[in-house]
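I am opening a notebook page on a structure that is new to me. I want to go from the whole chain down to single residues.

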Amino acid sequence: MILMSWWTIIKSHPRLVEMIGNSSEKLVKLADEEEMIELWNASNPKLQMQSRDSRGLQKYPIDEWYGYIKVVNEKPVLGAIGGYSIRKGKDGKPFAYIGGIRGNRTKEFQGIPTEIVRPEYLKQVEGIPKIAGFTNMGALRFVEGTPTQPETHEVIPDDVLEYFRNAQRYATWNVTKSNSWGVWI
């Protein structure tokens, strides 16, 4: 159990204080992108986050956000995030966008985005097709072999595949029915 000083509580974001409670670290479900951005920016003033829409990601939605909060230097910090969204695909069948994974690059949060946050939200989309885009850095780190980049898919709409095929911000992208990190990273 961690007890924060009254001064730490006063200078910390009240929602972070509320979410972590008496824990030293905690995986949390965030309300929405707005809350995620607010808490991320309060925790990481030198690594500010903007909305996905403002970064040109309107066609790559993430609705469900998870984060990891740790007490660092007596202050609660949201230092790792990631999420997914579920949409209806062909014949009304569900598919998921996976993405938004980010860590604040500090030693306290080393490995947490991929080892703790990502597995938690992948449980929510188990067994349905998933699509994810990767930046150049993500592709170098995670993509093994040739990713699946189909011209068409039995569930994922063709316009979604077309978006990923033509998106300039992604070096590679993948569609999979597996939760295995190695399959699509």
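My entries below begin with the ground rules and then turn to what I looked up.

**Ground rules.** I keep in mind that this is a predicted model, in which local features need pLDDT of at least 70 and side-chain atom pairs count only at pLDDT 80 or more, while totals for chains, interfaces and linings use all residues. I number residues from 1 along each chain as its sequence is written, and side-chain values use heavy atoms, with hydrogens and water left out.

**Overall layout.** I find seven helices and six strands in the protein, taken as DSSP runs (H or I, at least four residues, for helices; E, at least two, for strands) and numbered from the N terminus. Along the sequence they follow the pattern α-α-β-α-β-β-β-α-β-α-α-β-α. Of the 185 residues, 48% count as buried, where buried means under 20% relative accessible area, exposed over 50% and partly exposed in between, with a 1.4 Å probe and protein chains only. When I look at contacts (heavy atoms within 4.5 Å) between residues at least 6 apart in sequence, 66% join residues at least 24 apart.

**Helix H4.** Which residues of helix H4 (residues 112-122) are buried? I list Ile112, Pro113, Thr114, Val117, Arg118, Tyr121 and Leu122. They cover an arc of only 165 degrees around the axis, so they lie on the same side of H4; the arc is that of the directions from the helix axis to the C-beta atoms.

**Aromatic rings.** My search of the whole structure finds seven aromatic pairs. One of them joins Tyr163 and Phe164 edge-to-face, at 5.3 Å centre to centre and with 85 degrees between the planes. For pairing, the ring centres of Phe, Tyr or Trp (its six-membered ring) must lie within 6.5 Å, and planes under 30 degrees apart count as stacked, over 60 as edge-to-face and the rest as tilted. Both Tyr163 and Phe164 are buried, and together with Tyr60, Phe95 and Tyr97 they form one aromatic cluster.

**Charges over rings.** Arg52 lies over the face of Tyr60, a member of that cluster, at 4.8 Å from the ring centre. Elsewhere, the charged end of Lys29 sits over the ring of Tyr66, 5.5 Å from its centre. I count such a case if NZ of Lys or CZ of Arg is within 6 Å of the ring centre and within 35 degrees of the ring normal.

**Asn44.** Leaving aside residues up to four places away in sequence, Asn44 touches Val77, Leu78 and Asn104.
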